[in-house]
Amino acid sequence: MSGNPAILISGLTKTFGRVRALDGLDLTVEAGEVHGFLGPNGAGKTTTLRILLGLLRAGSGHAELLGGHPWRDAVELHRRLAYVPGDVVLWPTLSGGEAIDLLGRLRGGLDQRRKKALLELFDLDPTKKGRAYSKGNRQKVALVAALASDVELLLLDEPTAGLDPLMEAAFRECVTEERGNGRTVLLSSHILSEVEALCDRVTIVRDGRAVESGTLAQLRHLTRSSITAELDRIPDGLAELAGVHELAISGSRVRFEVEADRLGGALRLLTDAGVRGLTCQPPTLEELFLRHYQSAS
Amino acid sequence: MTGTFALVRLALRRDRLLLPVWIMVITGAIAGTASAIGELYPGMEQRLALGVTIGSTPALQALTGPVFDATSVGGLTAWRATTLATALAGLMSIMVVTRHTRAEEETGRAELIGACAVGRHAIPAAAVIVAGGANLLIALLLTVALTGQGLPGSGALASGLAVGGTGWVFTGIAVVAAQVTEHARTANGLAISVLGLAYLLRASGDAAGVETLSWLSPLGWAQGVRAFAGERWWVVGPLALTGLILVGLAALLARRRDVGTGLLPPRLGPSDAAPNLASALALAWRLQRGGLLGWMIGFAIGGAMLGSLAQSVGDIVNDNPQLAAILERIGGAGALVDTFLAAVMGLLGLAVGGFAVQATLRLQGEEAGVRAEPVLAAAVPRWRWTLSHLVIALGGTAIVITAGGLTAGLAHGVRTGEVGEQVIRLLGAAWVQVPAAWVSAGIAMLLFGLLPRLTALAWAALVAFALLGQLGELLQLDDWIRSLSPFAHLPQAPGGEVSATPLLWLTAIAMALALAGVAAFQRRDLAGN
């Protein structure tokens, strides 16, 4: 594993007419990690991936992929990566199996044994024609084609959007295995539990800008824990304590959220008041996510 | 039928540019012809002389139909423009109907609509109303335009009804085709084949003087209305009725199938790709081979039918010693047969231009359908992907017209007893057309590279070339305008002197346009969804 990042984007912009799809985006994906690329619809995730694939020309800023230039070195780079689009369209007259083989060969070959295993894992019938597949099954065709290729980098754009929970589990298994094999994965998603379960690091993007980037632990550090406590008495000054939010008191029970670096102070106050029961929940990505969009809009 | 009105408005909004252009072109072609004939043949004697020439030239009758009344401007207008205008009205109807029915189902947009409070038949009904309305408008505008030029009102009305009525018949044919096929491309292909067959039947019947053959074709009915020549109003009846019956048939068929499917159940395919399906070119071939085969079959049939007619064109003249004597001075009946064959090859050349444009614009279809994305996201350079389809478009053009030239040569050769010689002559005449068709492909390729949203202009250019060729001389357009059409530069073949210079120039222009298109595509963003 080289020390160079697999993807390095800084200050990337892209406009379509008068619409600014990317507005100075920064993104670094280290080699060998599974990186979550998180944001709501229209945040610029797909545009970023399409620039990385050399399908769109970058406006300004810097974008580097596997040490190459996404537009100029497109063909060479594409031999080393596989892409699963969010909305898979297949050729109506080709069967799923033919599409998988074709895409694999266009990329420079695929592992037939792995293809068979993946078809079984995803329970996919490869003899149907492109038209006859449901959205989820089209997604599986693209996933099998990508995962059966021997590549360094996987670019996955909301790959589980059409899959049922059982297949989602199969997909997670695959991604975990890919990471074990030392592959880099950029997983664009708005499904938070998926990113939480799979990713080493996360970049949150909003309106074409990265608003947060880091490991889940680092991101949680920036956020609040929610605390529920059963107390002997309600302590004075809890509401006034810096970093405490959304305090609710019912009888001897308090609920509030507290910023990570103020946790100690709040807990001191609670222990002084006699704690009979205490639950402290780390913030879910869900909350993290909601806050980003609420606070900025 | 709930929701039909809203869908009609949607269709009109989507076609707000396309539909008016079609209507203007069709009515303009006839109205322009009428005014040109009025200017060029103001006197009765001039008109009668023209009528005699037409009557003694079966080649002309094959291309445009018989002349029923040469004494009036109206009669000559109806002779010259009816076939052209009805064919265009048929083409318009097919395109409009397919675009709003099968194409919508194929993209899945029909599903979005079908889930709204919209009746089962609302989508085809709206398409039929839009296409039918366009034809009605053409009939009205034609009546007004021709009356405005001082032609008799009844003839003007008959002319309008003949053109609009034929368009209505093909509205019905298209909506039936949209029910039985699964893809918009096949639906268009099927309906356009019917249009081609109708043209061939009428051409054969008119050239050989067999009226029953012409009566088998809706285009023959349009002539049978005899606008400006003692109108036969009852013929409008079968036109209106046939369209209505076909629409009813489509409604019956629609009830028997699911949204998104055709009448034939989908088949299964292989679980692994054949070893040679491993390149962009192999994929392009796989996607285009069916269409190419269809075009080849169509050209083989058309070539055989028209080729077998050529000799009877000569026979008719030989039966008339007076006419033969006049013709002897310009090269005899042999020259007449060659003129006919050259006209046939010119038509095949225009038609193969349609293949060239269609096959090139497959690129645009693949891009807009987001099926180009997975290919270009794999290790395929853009130029290789574009060239793979372009190679099939350019090569296919030569192959398709070879099929037509070959069968025409065989059929004509069998009748004259010199198969070998005629096959070679007509193959040569067919190949002469190729460079002009390539220019059409080049225009399509350049538009795809530079202005992918405006690729429909490639079709507009081809229709313009056809109109320039068919009406340019009659309308006395300046030479430089007529020479805008690449087809105008082709030598007359067979029978004329073939010089390589224009062919090489056209080929060079076609390649330059195409390569400019390839280069432009290298630099632009790929369309997403």
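In which loop of chain A is A:L66 found? The legends below take up this question first and then move on to other close-up views of the model, which is predicted.

**View 1. A:L66, a residue other than glycine with a positive phi.** A:L66 is found in the loop of chain A that runs between strand β4, residues 62–65, and helix α2. The phi angle of A:L66 is near 50°, which is a positive value.

**View 2. A:E246, a positive phi within a strand of chain A.** The residue A:E246 lies in strand β11 of chain A, which covers residues 244–250. Its phi is near 50°, again a positive value in a residue other than glycine. Around A:E246 there are 10 other C-beta atoms within 10 Å, and because a residue with 12 or fewer is called exposed, A:E246 is exposed.

View 3. The secondary structure of chain A comes to ten helices and 13 strands, and its C-alpha trace spans about 70 × 45 × 40 Å along the principal axes. Chain A has 297 residues, of which 43% count as buried. When contacts in chain A between residues at least 6 apart in sequence are considered, 71% of them join residues at least 24 apart.

**View 4. The side of chain A that touches chain B.** Here 31 residues of chain A are in contact with 28 residues of chain B. On the chain A side, helices α2 (74–78) and α3 (96–107) each supply at least two of the touching residues, and α3(A) gives the most, with eight residues. Divided by class, the residues on this side of chain A are 15 nonpolar, five polar and eleven charged.

**View 5. Two helices of chain B, α2 and α21, packed together.** Two packed helices are described by the angle between their axes and the distance between the axes. Helix α2 (residues 18–40) and helix α21 (residues 456–471), both of chain B, pack at an angle of about 15°, with their axes 12 Å apart. Because angles under 35 degrees count as roughly parallel, α2(B) is described as roughly parallel to α21(B). The crossing in which α2(B) passes α21(B) is right-handed. From α2(B), the residues B:V25, B:A29, B:G32 and B:T33 meet B:V463, B:L467 and B:L471 of α21(B). By class, this contact of α2(B) with α21(B) has five nonpolar residues, two polar residues and no charged ones.

**View 6. Helix α10 of chain B and the glycine that follows it.** Helix α10 of chain B, residues 184–208, has 25 residues and reaches 36 Å from its first C-alpha to its last, which is close to the 36 Å expected at 1.5 Å a residue. Of the 25 residues of α10(B), 19 are buried, so this helix is largely enclosed by the rest of the structure. After α10(B) comes B:G209, whose phi is positive, near 70°.

**View 7. A cis peptide bond in chain B.** The peptide bond that leads from B:A493 to B:P494 is cis, and its omega is near 5°. B:P494 has its place in the loop of chain B between helix α22 (479–482) and helix α23 (500–523).

Note on methods
Residues numbered from 1 in each chain as written. Chains lettered and ligands numbered in written order. Predicted model: local features only at pLDDT ≥ 70, side-chain atom pairs only at ≥ 80, totals over all residues. Axes fitted to C-alpha atoms, helices over the stretch in contact; angles between N-to-C directions. Helix = DSSP H or I, 4+ residues; strand = E, 2+ residues; numbered from the N terminus. Parallel < 35°, antiparallel > 145°, perpendicular 65-115°, else oblique. Left-handed = near helix turned anticlockwise from the far one by under 90°. Contact = placed C-beta atoms within 7 Å. Nonpolar A, V, L, I, M, F, W, Y, C, P; charged D, E, K, R; others polar. Expected span 1.5 Å × (residues − 1). Buried ≥ 20, exposed ≤ 12 C-beta atoms within 10 Å, placed from the backbone.
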